[in-house]
Amino acid sequence: MPPKKIIIDTDPGVDDVLALLLAFSADPEELEIALISLCFGNVDVESSLRNVVSMFYVIDLERRWRLGNGLQTGFTTLDNCKPVVAVGATNPIEGAVLEYDYFHGKDGLQGVHHAAPHFTPTEMWKHLFTYSDSPDDSPLAQLPPNFKPSAIPSHKEILNVLRNNPPDTITIVTLGPLSNVALAAAEDPETFLRVQEVVVMGGSLALEGNVTPVAEFNQYACAYSAARIYALTSPSPKSTMPPCKELKPYPQSLPRQLKLTAFPLDITTHHLLSFATFNEVTQTLSERGSPLAQWVNHFVSATFEYMKQIYVGQQPQDVNISLHDPLCIWYAITAEKGGWEINEGVDVRVEVEGQWTRGMSVIDRRSKKIEQDLEKPAKLHDRGGWLHKGLGNRVRVAVDSVHKETFGQDMLKRIFKC
């Protein structure tokens, strides 16, 4: 069976980088990462790019260190396929421009570029991600050898991957705001719907939000893009599509509905990494000189410290980091093996403009009868089309997994090959 080919769309902060490392630590038989698509979100898109380039640089250092110490080099997916890295959306589609809250620090990785500058390559490579008629092959422009830079915008690279592969062979895993995938879907919805599945870290159904009382960060950051992508799951996308000045409506007739699996805070919050587990796996490696363990220790330890400040009376060893983004990658790796509880066909909609509710996941909690006859129109009292089988979204919602108790340790053991 060939490996699952994926695109990862991300705004690299702390848990995004852990998710990327988990993806690249997969066996070549499990995953092939075709594209890393970058978006604004946790930080601006330039910081996102610097974080990803630094990650590839550290992976290269780590593999050399492991080889010199007689250890398995790991990250063998990069031997089979060097992913393209492309830069995408810098701002939300419509709605107010995001004000960064810097939960992950101003650089997205808790100041690691300042605290440990030897893990950040010189930035003579930036222009390689910008279109030019004369390519620069000078030594100063060289990047780590384990990925390929692209000057093409992310959403166009997403469409290129989908066009160049058979239908139903590409999975897109989104770890940040959905701006890039929304741009791709708007530009060429038929090509976009060649995707096998879109896995979304986003939203909150029964749990409180993490950026406002009701909104999860990714959906809040670009609510219009989330609403438009969710609408593609509907038998009638226009029934849930918000009016949007910046992007045109989808065609009246689309080839099929999108398969979208959402990982809201309701499930991701409960898949945890403890301070003790992190130290148990990484401390000795860091002391032995592992570049990856030392690099990751800078921003993960700082995140535990930051969380201590948020939660009154808690010490770093008493708090846990929720592995929101890594869980989506773990699903991509293990979905076929089972162990996941998924609710099918949930009508999840995204509020785009509410003064207090932007980015909120809205579901119908009423116990009213649903009209099953597609030939009949929606009833007059059915405001919003919540009570008709032919209207509304059809989202797959992940609600639980068998991995809760061990996921943090399992993730680290894969990444650090121990």
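In the predicted model, helix α11 (residues 275–288) packs against helix α12 (residues 291–310) at an angle of about 150 degrees, and their axes lie 10 Å apart. Angles over 145 degrees count as roughly antiparallel, and α11 and α12 are therefore roughly antiparallel to each other. The crossing of α11 over α12 is left-handed. On the α11 side the contact involves F275, F278, T282, L285 and S286, which meet A293, Q294, V296, N297, V300, S301 and F304 of α12. By class, this contact of α11 with α12 comprises 7 nonpolar and 5 polar residues, with no charged residues.

Helix α11 also packs against helix α14 (residues 407–415), at an angle of about 20 degrees and with the axes 10 Å apart. Because angles under 35 degrees count as roughly parallel, α11 and α14 are described as roughly parallel to each other. Here α11 passes α14 in a right-handed crossing. The contributing residues are T277, F278, E280 and V281 from α11, together with G408, Q409 and L412 from α14. The contact of α11 with α14 divides into 3 nonpolar, 3 polar and 1 charged residue. F278 takes part in the contact with α12 and in that with α14.

A further helix pair is formed by α1 (residues 14–24) and α2 (residues 45–68), whose axes come within 11 Å and cross at roughly 45 degrees. That angle makes α1 oblique to α2. The crossing of α1 past α2 is right-handed. Residues V17, L20, L21 and F24 of α1 meet V52, M55, F56 and I59 of α2. The contact of α1 with α2 has 8 nonpolar residues, and neither polar nor charged residues are present.

A search of the whole structure returned 1 cavity of 30 Å³ or more. The volume of the largest cavity is about 50 Å³. Its lining is made up of G202, G203, S204, L205, Q219, Y230, A262, P264, V348, S361 and V397. The nonpolar class includes Ala, Val, Leu, Tyr and Pro, whereas Gly is counted as polar.

Methods: Residues are numbered from 1 along each chain as its sequence is written. This is a predicted model: local features need pLDDT of at least 70, side-chain atom pairs count only at pLDDT 80 or more; totals for chains, interfaces and linings use all residues. Side-chain values use heavy atoms; hydrogens and water are left out. On a 1 Å grid over the protein atoms alone, a cavity is a set of points where a 1.4 Å probe fits but cannot get out, and a pocket is an open set with protein on both sides within 12 Å along at least five of seven lines; lining residues have an atom within 4 Å of a point. Grid points are joined across faces, edges and corners, and a volume is the space filled by probe spheres set on the points. Axes are lines fitted to C-alpha atoms, for helices over the stretch in contact, and angles run from 0 to 180 degrees between N-to-C directions. Helices (H or I, at least four residues) and strands (E, at least two) are DSSP runs, numbered from the N terminus. Angles under 35 degrees count as roughly parallel, over 145 as roughly antiparallel, 65 to 115 as roughly perpendicular and the rest as oblique. A crossing is left-handed if the near helix is turned anticlockwise from the far one by less than a right angle, and right-handed if clockwise. Contact means heavy atoms within 4.5 Å.
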